[in-house]
Each structure stands twice: as C-alpha cells, then as structure tokens.
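This briefing covers the fold, salt bridges, pockets and surface of one protein model. Please look at the sequence and the structure first.

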Amino acid sequence: MVNVLRWFLLFVSFVSVFSCASAPGAKEEADPGLLTKAELEYINAESQDEAMRVFKNNATDDNDVLRAQSLPALMFSPGYDVLEKRMMAALIEEKGVGIAAPQVGINRRVMFVQRLDKENTPFEIYYNPLITEKRGDMEEGWEGCLSVPDGFGKVMRWLDITVEYDKPQADGTIIRFSENISGFTAIIFQHEIDHLDGVLFVDKETTGELIPKDEYRKMREEEKSREQQCEEENS
C-alpha cells in the first residue's frame, strides 16, 4: 500500500510539473499592442466616417490624456482600421498637417503626417515611430497644435532626422523601416512623436506668451503679401 501511494504521488507531481511547464505556451499573454475593450468601445462609439473629437489641453480630463505616455500599437489588429479612418476624418475637419492618436483620446503610438516632401503631399499613417538620429543644428520656427487652442509659439526643432517605424510588406508581414526626413516634414514628425510621449509644443515654446491663432494667421498673410510684392518688383 505504501509503494502504491508513493507511485501515485510521484505521478501527480510529474503531471503538475508538466502542466506548469506547458502553461505559458498554451496560454500566451495578449500582445501589448492590442486595443483594450474600453478603447474599442470608444473608437466604435460613432460611425467609421465620423470625425473623432480632438482633445484640448485647456480641459483637465483632455489634458490628462494628452500628457500620458502612449502604448505600442499592433498594425492590422482589430479596431485600428476604424481608428485610422476616424483620425483622418478629424484631421481633415481640423485642417491640420498631422495628428496623433492621443489627440483623439487613444493613447497608442499611431499618427498621421502630411508628407509635404512628396508629390501631391499625401497623408500617411505611422505605427510605433521613433526618432533614431538628429543631424545638424536646431532651428527656431513657428508652431501650432490642434490640441492647443491658445495659439502659436516658436519652437526649436531639427530639420534633418531619421525615423524608424513599422512598415507592412506585400506578404502581410511587418518590418521596422528607417527613413531620413528633412525640412518642414521633419518638424511635423517631431511634433507628432512628441504627442506619443505626452509632450506638447508649449513645453518647448521659446517666445513666452503664445500668439492667438487669428493674430498669427493675419501675420502670416501679411508676410506672404510682402513676399509676393517683392517677387513682382524683382521680376
């Protein structure tokens, strides 16, 4: 009887050890890039064609979202197709040149950038972008934001950078792709990637008080008018 009991206990121990060793493979953790149930419900609360509300930093709850560090995003997983469409609708409605997911209430590393450096200046989507290199000297320039209603300010940015991001392949796989970007498009990339890290341009603003948007637009129109007049006089 003692021997039988001993063999039974050894058998139970063996099964327990085997089960524990097999558990991770049989019950894998969800990919961290998957959208949560709450995120999916928020994204799907309206029609796919409906622009998502753009969060503003002068509202406490909105600002909490804008200031949060965004999580990774898994391209092609459920919900991101709708997020892309609704983000793009918001960007068109707001007449911007870029938008990041935190600006519509989703803290994921997804953003749109208008590629002013490409023919027809298309809007392109980027997943998990990361600046890996900055070259040359920083330059100061005017900057505004869809999420900052108070106005425009001057910010120091690099004009020559390298960005790494997820890129889909023809066979459905995703690779990490690296691209050199320069000029004003590089500034847009830096601005939107800042959003993914909970940073707003006002954190880097160098001029003190912001210029109201109407005043800024008037100033820019006057500058363009003077430039056009100079061109006509020199032609």
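A salt bridge is a side-chain nitrogen of Lys or Arg within 4 Å of a carboxyl oxygen of Asp or Glu. E124 and R115 form such a pair through their side chains, at 3.7 Å from N to O. The model is predicted: local features need pLDDT of at least 70, side-chain atom pairs count only at pLDDT 80 or more, and totals for chains, interfaces and linings use all residues. Residues are numbered from 1 along each chain as its sequence is written, and side-chain values use heavy atoms, with hydrogens and water left out.

**Fold and burial**

- The protein has six helices and seven strands, where helices (H or I, at least four residues) and strands (E, at least two) are DSSP runs numbered from the N terminus.
- Along the sequence the pattern reads α-α-α-α-β-β-β-β-β-β-β-α-α.
- Of the 235 residues, 35% count as buried; buried means under 20% relative accessible area, exposed over 50%, and partly exposed in between (1.4 Å probe, protein chains only).

**Salt bridges**

- The count of salt bridges is 17.
- D203 pairs with R67, with the closest N and O atoms 2.4 Å apart.
- D203 lies in the loop between α5 and α6 and R67 in the loop between α3 (60-66) and α4 (80-94), so this pair ties together parts that are 136 residues apart in sequence.
- D203 is partly exposed at 44% relative accessibility, and R67 is partly exposed at 33%.
- R109 and D197 meet in a salt bridge of 3.1 Å, N to O.
- Because R109 lies in the loop between β1 (98-100) and β2 and D197 in the loop between α5 and α6, the pair ties together parts that are 88 residues apart in sequence.
- R109 is buried, with a relative accessible area of 12%, whereas D197 is partly exposed at 29%.
- A network of salt bridges links R115, D117, K118, E124 and E179; within this network, R115 is buried, with a relative accessible area of 1%.

**Pockets**

- A pocket is an open set of points on a 1 Å grid over the protein atoms alone, where a 1.4 Å probe fits, with protein on both sides within 12 Å along at least five of seven lines; lining residues have an atom within 4 Å of a point.
- The largest pocket has a volume of about 720 Å³, a volume being the space filled by probe spheres set on the grid points, which are joined across faces, edges and corners.
- It has 25 lining residues, of which K95, G96, V97, G144 and F152 are the closest to its centre.
- β4 (138-145), α5 (184-196) and α6 (213-234) each supply at least two residues of this lining.
- The lining of the largest pocket has nine nonpolar, six polar and ten charged residues; Ala, Val, Leu, Ile, Met, Phe, Trp, Tyr, Cys and Pro count as nonpolar, Asp, Glu, Lys and Arg as charged, and the others, Gly among them, as polar.
- The second largest pocket holds about 170 Å³ of space, and its lining includes E124, Y126, Y165 and K167.

**Surface patch**

- V97, L116 and F184 make a nonpolar surface patch of about 230 Å².
- Such patches are made of residues with over 30% relative accessible area and no salt bridge, nonpolar side chains (Val, Leu, Ile, Met, Phe, Trp, Tyr) being joined within 5 Å.
- L116 lies in the loop between β2 (110-114) and β3 and is partly exposed at 35% relative accessibility.

Conventions. Patch = residues over 30% accessible without salt bridge, like charges linked within 9 Å, V, L, I, M, F, W, Y side chains within 5 Å. Areas by Shrake-Rupley, 256 points an atom, 1.4 Å probe, with all protein chains shown as cover.
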